[in-house]
Amino acid sequence: MAAGNAQLKDIFIQYCNYGMGSSTSKTELTSTNWGKLCKERGLNALKGKKSEPALKTANEIVFSRHVAKGKLMGLAVFEKALADIAKEQKKTEDEVVAAVIGSGSGPQTNSAAKVSGDNVVGRLTDTSQYTGAHKERFDESGKGKGASGRRDDAKNTGYVGNYKEEGTYDKKK
């Protein structure tokens, strides 16, 4: 397994650090990241096409066969596990290593990191479409009114808020 050993180590380290944050640098693979590597690189511990849960379980069995419970997989054990998968698939170890190296640069992320194509932010920040109490916080040009748009200031005139004939009491006498 000497061919491509530096590239294999780089990919191994990338999967070790996947999901661990940028401040840490791990050199051992967790069971979860082993499963991700197997899924993304097409490493199946079962021969032929099988269902997704069956492949996941088979790859977890390979992990547990080489690593004690609660422990992590180092590079040497990783290479042994790849040899085990090669034996299960009836391939050479170099073919399995080539599959790991040749199918991308590192762990893939799902679509959560993609930017939406439509103008969502534009629609959400268009103040002309606001309704109810939110509409009162902006003037016609879309500029915010500040504190006066967020609260009702008391006028202290002695009248209730919706009284329409304010100031007409003395005139009626």
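**Entry 1: a pair in helix 2**

How many residues apart do Lys 36 and Glu 40 lie in helix 2? I looked and found 4 residues, about one turn of the helix. Before going on, I noted that this is a predicted model, where local features need pLDDT of at least 70, side-chain atom pairs count only at pLDDT 80 or more, and totals for chains, interfaces and linings use all residues. Residues are numbered from 1 along each chain as its sequence is written, and side-chain values use heavy atoms, with hydrogens and water left out.

I took helices (H or I, at least four residues) and strands (E, at least two) as DSSP runs, numbered from the N terminus. Next I checked the side chains of Lys 36 and Glu 40. They meet in a salt bridge, at 2.6 Å from N to O. A salt bridge here is a side-chain nitrogen of Lys or Arg within 4 Å of a carboxyl oxygen of Asp or Glu. Glu 40 has 25% relative accessibility, so I put it down as partly exposed. My scale: buried is under 20% relative accessible area, exposed is over 50%, and partly exposed is in between (1.4 Å probe, protein chains only).

**Entry 2: the other salt bridges**

I counted salt bridges in the structure and got 3. Arg 65 forms one with Asp 84, with the closest N and O atoms 2.6 Å apart. Arg 65 sits in helix 3 and Asp 84 in helix 4, so this pair ties together parts that are 19 residues apart in sequence.

Glu 88 also forms a salt bridge with Arg 65. Here the closest N and O atoms are 3.8 Å apart. This pair links distant parts of the chain, with Glu 88 in helix 4 and Arg 65 in helix 3, 23 residues apart. Through shared partners, Arg 65, Asp 84 and Glu 88 join into one network.

Then I looked up accessibility for the three. Is Asp 84 buried or exposed? Asp 84 is buried, with a relative accessible area of 11%. Arg 65 is partly exposed at 46%. Glu 88 is partly exposed too, at 27%.

I also listed what Asp 84 touches. Leaving aside neighbours within four places in sequence, Asp 84 is in contact with Val 62, Arg 65 and His 66. Contact means heavy atoms within 4.5 Å.

**Entry 3: the core**

I turned to the largest nonpolar core and found 23 residues in it. Such a core is a set of buried Ala, Val, Leu, Ile, Met, Phe, Trp, Tyr and Cys residues joined through side-chain atoms within 4.5 Å. Among the residues with the most contacts inside this core are Leu 8, Trp 34 and Phe 78. Which helices each supply at least two residues of this core? I noted helix 1 (5-17), helix 2 (31-41), helix 3 (52-66), helix 4 (75-89) and helix 5 (93-102).

Not counting residues up to four places away in sequence, Phe 78 touches Leu 8, Phe 12, Leu 29, Trp 34, Leu 37 and Met 73.

**Entry 4: cysteines and a loop**

I searched for disulfides, meaning pairs of cysteine sulfur atoms within 2.5 Å. The structure holds 0. Cys 16 is buried at 0%. Cys 38 is buried as well, at 0%.

Last, I checked Thr 127. Thr 127 is in the loop between helix 6 (120-124) and helix 7 (132-135). Its relative accessible area is 19%, so I marked Thr 127 as buried. Thr 127 touches Phe 138 and Gly 142, not counting residues up to four places away in sequence.
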